[in-house]
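The entries follow in the order in which I looked.

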Amino acid sequence: MAERELTALVVDDERNIGILLVDILNIKGVNAEHVLTTQEGINLLGNNRYDLAFIDLNQKPTGVDVYKLACSKGIEAYIMTGGASGEVLAEAEREAGDRLIIKPFHVKQIYDIIGQYSQRQQSQS
């Protein structure tokens with residue numbers, strides 16, 4: 001039986017970061033798409049099925065809102081931030097815990113996320 005291709009959504013208003021992350025995911029065989037706004041992310045989450053989501057924190061509505069929506073749909077979601085502080089960062093840490101990715105991230109960190117997710121899926125089937 002052929003394995004189903006993993007899918008991911010990247011929500012980041014920094015176009016270059018989004019494109020880079022999509023490329024990293026594609027190299028590992030993950031079919032990924034990137035949108036620039038949380039509203040676009042919310043729309044796609046409502047209409048599509050994803051395995052993984054990588055959501056930038058510093059947007060309106062905040063990445064935490066999109067993170068919560070993704071998690072409520074059974075998606076393994078991660079919040080990314082490079083410059084958040086104060087209450088916004090504290091809320092992200094409370095919600096995401098070890099699923100908070102600090103930019104700049106290392107490619108290996110993303111590879112590890114994909115590998116761990118794939119292993120969990122294989123062990124459940």
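How many bridges join β1 to β3, and do these strands run parallel or antiparallel? I found four bridges between β1 and β3, and the two run parallel. Before going further I noted that this is a predicted model, in which local features need pLDDT of at least 70 and side-chain atom pairs count only at pLDDT 80 or more, while totals for chains, interfaces and linings use all residues. Residues are numbered from 1 along each chain as its sequence is written, and side-chain values use heavy atoms, with hydrogens and water left out.

**Sheet.** I took helices (H or I, at least four residues) and strands (E, at least two) as DSSP runs numbered from the N terminus, and I counted two strands as paired if DSSP finds at least two bridges between them. On that basis five strands form an open sheet in the order β2-β1-β3-β4-β5, with parallel pairing. The edge strands are β2 (31-35) and β5 (100-102), each of which pairs on one side only. Neighbouring strands of this sheet are turned by 20 degrees against each other on average, direction ignored; the axes are lines fitted to C-alpha atoms, for helices over the stretch in contact, and angles run from 0 to 180 degrees between N-to-C directions.

I then followed Leu52 of β3 across the sheet: Ala8 stands opposite Leu52, and in β4 the bridge partner of Leu52 is Glu76. Five bridges join β3 to β4, and these two strands also run parallel.

**Helices on the sheet.** For contacts I used heavy atoms within 4.5 Å. I saw that α2 lies across β1 and β2, running at about 155 degrees to β1, and that α4 lies across β4 and β5, running at about 130 degrees to β5.

**Cores.** I called a residue buried under 20% relative accessible area, exposed over 50% and partly exposed in between (1.4 Å probe, protein chains only). A nonpolar core is then a set of buried Ala, Val, Leu, Ile, Met, Phe, Trp, Tyr and Cys residues joined through side-chain atoms within 4.5 Å. The largest such core has 21 residues, of which Leu9, Leu45, Ile55, Ala70 and Ile79 touch the most other members. The elements giving two or more residues to this core are β1 (7-11), α2 (38-47), β3 (52-56), α3 (63-72), β4 (76-81) and α4 (86-96), and α3 gives the most, with four residues. Leaving aside neighbours within four places in sequence, Ala70 is in contact with Leu45, Ala53, Ile55, Ile75 and Ala77. A second, separate core of 19 residues includes Leu21, Met80, Ile113 and Tyr117.

**Strand β4.** I found β4 mostly covered, with six of its six residues buried. Glu76, Tyr78 and Met80 point one way from β4, whereas Ala77, Ile79 and Thr81 point the other way. Thr81 counts as buried because its relative accessibility is 2%. Not counting residues up to four places away in sequence, Thr81 touches Asp56, Leu57, Asn58, Leu89, Leu100, Ile101, Ile102 and Lys103.

**Helix α5.** Which residues of α5 are buried? I listed Ile110, Ile113, Ile114 and Tyr117.

**Val30.** I looked up Val30 in the loop between α1 (15-27) and β2, and noted that it is buried, with a relative accessible area of 2%. Leaving aside its neighbours within four places in sequence, Val30 is in contact with Leu6, Thr7, Ala8, Leu25 and Ile114. Val30 and Ile114 are 84 residues apart in sequence and 8.3 Å apart in space, C-alpha to C-alpha.

**Peptide bonds.** A cis peptide bond joins Lys60 and Pro61, with omega about -10 degrees, and Pro61 is found in the loop between β3 and α3. Another cis peptide bond joins Lys103 and Pro104, with omega about 0 degrees, and Pro104 is found in the loop between β5 and α5.
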